[in-house]
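Have the viewer open as you read.

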Protein chains: 2
Amino acid sequence: MDFFENTIESKNIYKGKIIDVNVHTVELPNGKISKREIVNHSGGVAIIAFKDKDTVLLVEQFRKPIEGTLLELPAGKIEKGEDIEICGIRELEEETGYKAKDFKYLGKVVTSPGFCDEYIYIYKAENLYKGKDGLGDEDEFISVKELKIDKIKEMIKSGEITDAKTISALMFL
Amino acid sequence: MDFFENTIESKNIYKGKIIDVNVHTVELPNGKISKREIVNHSGGVAIIAFKDKDTVLLVEQFRKPIEGTLLELPAGKIEKGEDIEICGIRELEEETGYKAKDFKYLGKVVTSPGFCDEYIYIYKAENLYKGKDGLGDEDEFISVKELKIDKIKEMIKSGEITDAKTISALMFL
């Protein structure tokens with residue numbers, strides 16, 4: 001099976017801080033021509049950080065695109081040229097104040113493959129200890145919560161937790 | 001806790017077929033001004049369609065943003081003004097050729113809340129029967145697979161299935 005779509009032309013629409021947007025003109029497997037609207041993103045890291053064996057850290061923050069607050073795993077964007085694991089360690093400390101003695105890669109997920117190339121790399125952090133005082137990014141407004149894994153599963157089924165990276169990550173445990 | 005970010009100004013960057021892109025100038029809780037790059041998407045539906053009690057349908061297709069083929073739940077975009085359940089029924093038939101006697105809402109996930117408002121609504125389809133001949137959208141190139149739920153879970157852990165909506169959906173079963 002070869003469903004490859006070859007790019008004939010690519011037009012840049014936007015170069016931003018978090019995303020770039022490009023429209024590709026592609027040749028479909030049947031020879032027809034179509035357009036693909038593509039959001040390019042450098043990817044992110046999400047961390048399942050265990051406070052104890054059945055308790056993990058979640059962060060609550062306002063998410064402008066949905067005009068509401070979400071409860072999510074600590075996570076953040078990979079900076080240009082940044083090592084993925086270093087990004088995860090940095091984001092965990094910036095968002096929760098914790099460092100971890102053990103930091104292990106679990107897997108990756110692609111969030112919206114129909115129009116976006118963003119991958120989220122999922123790590124497990126164990127044996128946490130307090131990092132530097134104060135949280136990292138002064139323009140991030142974040143509240144840290146400690147929740148039992150069973151409670152998180154309940155909150156997924158009840159619709160209180162809706163973030164796909166957070167829900168997906170539990171499948172790797 | 002009120003982390004609300006009020007939009008002071010919004011600038012449209014792009015109006016496309018699948019996505020719109022807007023940049024909002026927002027006031028942060030500390031009074032500072034920042035920018036939010038936002039991709040607007042009408043949302044989608046993904047369907048866990050049971051061929052028998054432990055076998056579900058997945059679809060394999062080329063995804064241009066990642067320049068590769070993915071194995072995913074049948075899914076598709078909600079058209080303007082379309083009822084969400086009707087969208088799910090339509091997409092299931094277009095992508096797999098099947099209709100379902102029983103179609104039930106399980107929950108929703110937000111795919112990339114840092115920059116995008118896309119929600120995926122997850123449904124369970126049971127008691128499948130063949131719909132109209134031939135698959136729906138002639139410019140979609142899709143291969144339908146039948147996989148055991150246990151096999152899908154293995155393929156998530158091994159990294160063969162990476163699609164976040166597909167992985168998330170299993171948490172609702």
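1. Before anything else, keep in mind that you're looking at a predicted model. Everything below is computed from that model.

2. On the touching side of domain 1 of chain A, the residues divide into three nonpolar, two polar and two charged. The contact itself involves seven residues of domain 1 of chain A and five residues of domain 2 of chain A.

3. What holds for polar contacts and salt bridges between the two domains? Between domain 1 of chain A and domain 2 of chain A there are four residue pairs in polar contact, counting pairs with both residues at pLDDT 80 or more. The salt bridge count between domain 1 of chain A and domain 2 of chain A is zero.

4. Now turn to the contact between chain A and chain B. Chain A puts in 66 residues and chain B puts in 66 residues. Between them, chain A and chain B bury about 5700 Å², and 68% of it is on carbon and sulfur atoms.

5. How many salt bridges does the rule find across the interface of chain A and chain B? The answer for chain A and chain B is zero. Across that interface of chain A and chain B, though, the rule does find 25 residue pairs in polar contact, with both residues at pLDDT 80 or more. As for residue classes, the side of chain A that touches chain B has 33 nonpolar, 14 polar and 19 charged residues.

6. Last, the aromatics. Over all chains, the structure holds 10 aromatic pairs. One of them is Phe62(A) with Phe4(B): the ring centres are 5.0 Å apart and the planes sit at 70°, so this pair is edge-to-face. It's a pair that crosses between chains, with Phe62(A) in strand β5 (residues 55-63) of chain A and Phe4(B) in the segment before β1 (6-15) of chain B.

Technical notes:
Residues numbered from 1 in each chain as written. Chains lettered and ligands numbered in written order. Predicted model: local features only at pLDDT ≥ 70, side-chain atom pairs only at ≥ 80, totals over all residues. Heavy atoms only, no water. Contact = heavy atoms within 4.5 Å. Salt bridge = Lys/Arg side-chain N within 4 Å of Asp/Glu carboxyl O. Polar contact = N/O pair within 3.5 Å; in protein donor to acceptor, adjacent residues only side chain to side chain. Nonpolar A, V, L, I, M, F, W, Y, C, P; charged D, E, K, R; others polar. Buried area = accessible area lost by both parts, 1.4 Å probe. Phe/Tyr/Trp six-rings, centres within 6.5 Å; stacked < 30°, edge-to-face > 60°. Helix = DSSP H or I, 4+ residues; strand = E, 2+ residues; numbered from the N terminus.
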